[in-house]
Amino acid sequence: VQLQASGGGLVQAGGSLRLSCAASERTFSSHVMGWFRQAPGKEREFVAAIRWGGGRTYYADFVKGRFTISRDGAENTMYLQMNSLKPEETAVYYCARGNGYSTRAADYYIWGQGTLVTVSS
(Lines give C-alpha, C1' and ligand atoms only; values in the text may rest on other atoms or scores of the structure.)
Protein backbone atom coordinates (compact mmCIF):
# COMPACT_ATOMS: atom_id res chain seq x y z
CA VAL A 1 0.00 0.00 0.00
CA GLN A 2 1.23 3.48 -0.84
CA LEU A 3 -0.05 6.80 0.42
CA GLN A 4 0.36 9.85 -1.79
CA ALA A 5 0.10 13.22 -0.08
CA SER A 6 -0.43 16.37 -2.11
CA GLY A 7 -1.76 19.89 -1.91
CA GLY A 8 1.03 21.67 -0.09
CA GLY A 9 2.38 25.00 -1.19
CA LEU A 10 3.06 28.58 -0.23
CA VAL A 11 0.30 30.56 1.45
CA GLN A 12 0.15 33.81 3.37
CA ALA A 13 -0.67 33.87 7.05
CA GLY A 14 -4.41 33.62 7.50
CA GLY A 15 -4.81 31.73 4.26
CA SER A 16 -6.07 28.24 3.51
CA LEU A 17 -4.85 25.04 1.92
CA ARG A 18 -6.42 21.66 1.34
CA LEU A 19 -4.21 18.59 1.56
CA SER A 20 -5.09 15.26 0.03
CA CYS A 21 -3.86 11.74 0.76
CA ALA A 22 -4.69 9.05 -1.75
CA ALA A 23 -4.22 5.38 -0.92
CA SER A 24 -3.19 2.95 -3.63
CA GLU A 25 -5.28 0.17 -2.13
CA ARG A 26 -8.57 0.01 -0.30
CA THR A 27 -8.77 1.50 3.16
CA PHE A 28 -10.84 -0.66 5.49
CA SER A 29 -13.28 0.44 8.14
CA SER A 30 -10.90 -0.77 10.86
CA HIS A 31 -8.20 1.65 9.74
CA VAL A 32 -7.44 5.03 11.18
CA MET A 33 -5.88 7.62 8.89
CA GLY A 34 -3.93 10.50 10.33
CA TRP A 35 -2.10 13.69 9.50
CA PHE A 36 1.17 14.60 11.17
CA ARG A 37 3.58 17.44 10.57
CA GLN A 38 7.25 18.01 11.09
CA ALA A 39 8.93 21.40 11.13
CA PRO A 40 12.69 21.76 10.68
CA GLY A 41 14.55 20.71 13.81
CA LYS A 42 11.38 19.52 15.53
CA GLU A 43 9.76 16.18 16.18
CA ARG A 44 6.88 14.92 14.11
CA GLU A 45 3.62 15.90 15.77
CA PHE A 46 0.04 14.74 15.52
CA VAL A 47 -2.41 17.03 13.75
CA ALA A 48 -5.62 15.09 13.15
CA ALA A 49 -7.01 11.62 12.55
CA ILE A 50 -10.16 9.98 11.27
CA ARG A 51 -11.64 6.53 11.68
CA TRP A 52 -12.36 5.21 8.20
CA GLY A 53 -15.40 3.34 9.39
CA GLY A 54 -17.84 5.79 10.92
CA GLY A 55 -15.75 8.89 10.32
CA ARG A 56 -15.06 9.87 13.93
CA THR A 57 -12.47 12.62 13.97
CA TYR A 58 -9.74 13.68 16.37
CA TYR A 59 -7.72 16.88 16.47
CA ALA A 60 -4.72 18.30 18.22
CA ASP A 61 -5.79 21.20 20.41
CA PHE A 62 -3.82 23.71 18.38
CA VAL A 63 -5.84 23.06 15.20
CA LYS A 64 -9.33 22.70 16.62
CA GLY A 65 -11.73 25.06 14.91
CA ARG A 66 -9.33 25.77 12.05
CA PHE A 67 -8.56 22.39 10.45
CA THR A 68 -11.05 19.81 9.23
CA ILE A 69 -10.18 16.22 8.41
CA SER A 70 -12.47 14.23 6.12
CA ARG A 71 -12.49 11.20 3.85
CA ASP A 72 -14.03 10.03 0.62
CA GLY A 73 -14.46 6.28 0.72
CA ALA A 74 -15.28 5.99 -2.95
CA GLU A 75 -12.06 7.80 -3.88
CA ASN A 76 -10.06 6.15 -1.08
CA THR A 77 -8.77 9.60 -0.23
CA MET A 78 -8.40 11.61 2.94
CA TYR A 79 -8.35 15.39 3.14
CA LEU A 80 -7.18 18.07 5.53
CA GLN A 81 -8.73 21.49 5.08
CA MET A 82 -6.52 24.03 6.81
CA ASN A 83 -7.80 27.53 7.47
CA SER A 84 -6.31 30.53 9.27
CA LEU A 85 -2.81 29.19 8.81
CA LYS A 86 0.02 30.61 10.90
CA PRO A 87 3.71 31.01 9.99
CA GLU A 88 4.69 28.61 12.78
CA GLU A 89 2.70 25.91 11.00
CA THR A 90 5.24 25.76 8.22
CA ALA A 91 6.19 22.09 8.03
CA VAL A 92 6.15 18.95 5.97
CA TYR A 93 2.75 17.38 6.40
CA TYR A 94 2.53 13.59 6.31
CA CYS A 95 -0.41 11.25 6.05
CA ALA A 96 -0.32 7.86 7.67
CA ARG A 97 -2.39 4.75 8.30
CA GLY A 98 -2.79 2.87 11.54
CA ASN A 99 -4.98 0.23 13.07
CA GLY A 100 -6.33 2.33 15.88
CA TYR A 101 -6.53 5.90 17.03
CA SER A 102 -3.30 7.27 18.44
CA THR A 103 -1.45 10.56 18.58
CA ARG A 104 1.89 8.73 18.50
CA ALA A 105 3.63 8.52 15.15
CA ALA A 106 5.09 5.15 16.11
CA ASP A 107 1.59 3.64 16.10
CA TYR A 108 1.12 4.34 12.38
CA TYR A 109 2.74 1.83 10.05
CA ILE A 110 2.26 3.22 6.55
CA TRP A 111 3.40 6.74 5.68
CA GLY A 112 3.10 8.99 2.69
CA GLN A 113 6.05 10.97 1.38
CA GLY A 114 4.92 14.30 2.83
CA THR A 115 3.92 17.58 1.30
CA LEU A 116 5.52 20.91 2.22
CA VAL A 117 3.35 23.70 3.57
CA THR A 118 4.98 27.10 3.84
CA VAL A 119 3.11 29.90 5.56
CA SER A 120 4.58 33.35 5.03
CA SER A 121 4.10 36.21 7.46
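1. Strands here are DSSP runs of E with at least two residues, numbered from the N terminus, and two strands count as paired if DSSP finds at least two bridges between them. Strand 4 and strand 9 pair in the antiparallel sense, over seven bridges.

2. A word on what you are looking at. This is a predicted model, in which local features need pLDDT of at least 70 and side-chain atom pairs count only at pLDDT 80 or more, while totals for chains, interfaces and linings use all residues. Residues are numbered from 1 along each chain as its sequence is written, and side-chain values use heavy atoms, with hydrogens and water left out.

3. Strand 11 (residues 115–120) runs antiparallel to strand 9 and is joined to it by three bridges; here Val 92 stands opposite Leu 116. Strand 10 (residues 108–111) also pairs with strand 9 in the antiparallel sense, over three bridges, and Tyr 108 in strand 10 is the bridge partner of Gly 98.

4. How enclosed is strand 9? Seven of the eight residues in strand 9 (residues 91–98) are buried, so the rest of the structure largely encloses this strand. "Buried" means under 20% relative accessible area, "exposed" over 50%, and "partly exposed" in between, with a 1.4 Å probe and protein chains only.

5. Now for the cysteines. The count comes to one disulfide, taking a disulfide as a pair of cysteine sulfur atoms within 2.5 Å. Cys 21 and Cys 95 form it, with their sulfur atoms 2.2 Å apart. The angle about the S-S bond is 70°, and the link is right-handed. Because Cys 21 sits in strand 3 and Cys 95 in strand 9, the pair ties together parts that are 74 residues apart in sequence. Cys 21 counts as buried because its relative accessibility is 1%, and Cys 95 is buried too, with a relative accessible area of 0%.

6. Strand 1 and strand 3 run antiparallel and are joined by four bridges. They belong to an open sheet of four strands in the order 1-3-8-7, with antiparallel pairing. Strand 1 (3–6) and strand 7 (67–72) are the edge strands, each pairing on one side only. From one strand to the next, the twist averages 15°, using axes that are lines fitted to C-alpha atoms and angles that run from 0 to 180 degrees between N-to-C directions.

7. What about the interior? The largest nonpolar core has 35 residues, and those with the most contacts inside it are Trp 35, Val 47, Met 78, Leu 80, Met 82 and Tyr 93. Strand 5 (residues 45–51) supplies the largest share of this core, five residues. Such a core is a set of buried Ala, Val, Leu, Ile, Met, Phe, Trp, Tyr and Cys residues joined through side-chain atoms within 4.5 Å.

8. Take Met 82 as an example. Leaving aside neighbours within four places in sequence, Met 82 is in contact with residues including Leu 17, Leu 19, Phe 67, Tyr 93 and Val 117; contact means heavy atoms within 4.5 Å.

9. Finally, a loop residue worth a look: Thr 27 lies between strand 3 (17–23) and strand 4 (32–38). Is Thr 27 buried or exposed? Its relative accessibility is 5%, so Thr 27 counts as buried. Not counting residues up to four places away in sequence, Thr 27 touches Met 33, Trp 52, Asn 76 and Arg 97.
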